[in-house]
Amino acid sequence: MKQLIVASGNAHKVEEFDGLLETSGFEVCSAKVCGGMPYVLEDGDTFGANARIKALALRALAPKDAWIVSDDSGLEVDALGGAPGIHSARYAGEGASDLHNLNKLLLELEEQPAAQRAARFRCVLCLIDPSGSEQFFDGACEGRIANAPAGADGFGYDPVFVPEGHSESFAELGESIKSKLSHRALAVLAMRRCLES
Ligand code: IMP
């Protein structure tokens, strides 16, 4: 079976890819098969550029016949001109916790009425095949930022992100709903369609 190695140190992401690529003909592996995900400076100025940096860093350590996939994701808020965007993980400063980032976001949006709180999660995947050819896949999940955090599931901005068509946050809706709607799920499904075609 062909091996698809996920260029991430995050075990949760590997599990998510594994579930979404079940029966696709690929064996999904974590970066551990290459000795672990190396440290990379994510200094690209788009999600795609950062995903590519991670995929290339792992490819240098991977078996020559392996396929590599990486993702980069974040939250874009219209009223903030698309921020935090590629800076989502460090919105409140280098090494900031999810809680600090989320509190900063709520503070920045304090004055904004419900109609001005549109936002989306975005995810871009970079897939590199054994020949070195690169392909990118996008996924987006539209929604809005709530006035206060709610729910205990998930991570990052999940407690304040209410996806379109729902009135509860991702953290309240839980993994079973999130895994159908999320930016990452949509991007992985786009990649799956391409791998199968
Ligand atoms: P990365 O793609 O793992 O680098 O994620 C960047 C940051 O975006 C995370 O640290 C979170 O703050 C945010 N983020 C990305 N995806 C999600 C999500 O599904 N829920 C909540 N926050 C997310």
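I take buried to mean under 20% relative accessible area, with partly exposed running from there up to the exposed class, over 50%. The model I am looking at is predicted.

Entry 1, overall count. I searched the whole structure for salt bridges and got 13.

Lys-13 sits in helix H1 (residues 11-20) and Asp-71 in strand E3 (residues 67-77); the pair links distant parts of the chain, 58 residues apart. I then checked accessibility. Lys-13 has a relative accessible area of 13%, so I file Lys-13 as buried. Asp-71 is at 3% and therefore also goes down as buried.

I noted a salt bridge here at 3.1 Å, N to O, between the two side chains. This pair too links distant parts of the chain, with Glu-76 in strand E3 and Arg-122 in strand E4 (residues 118-128), 46 residues apart. Glu-76 is buried because its relative accessible area is 16%. Arg-122, at 23%, is partly exposed.

I list Asp-138 as partly exposed, with a relative accessible area of 48%.

I traced which residues are linked with Arg-122 by salt bridges, and the network holds Glu-76, Asp-78, Arg-120, Arg-122, Asp-138 and Glu-142.

Terms used. Residues are numbered from 1 along each chain as its sequence is written. This is a predicted model: local features need pLDDT of at least 70, side-chain atom pairs count only at pLDDT 80 or more; totals for chains, interfaces and linings use all residues. Side-chain values use heavy atoms; hydrogens and water are left out. A salt bridge is a side-chain nitrogen of Lys or Arg within 4 Å of a carboxyl oxygen of Asp or Glu. Helices (H or I, at least four residues) and strands (E, at least two) are DSSP runs, numbered from the N terminus. Buried means under 20% relative accessible area, exposed over 50%, partly exposed in between (1.4 Å probe, protein chains only).
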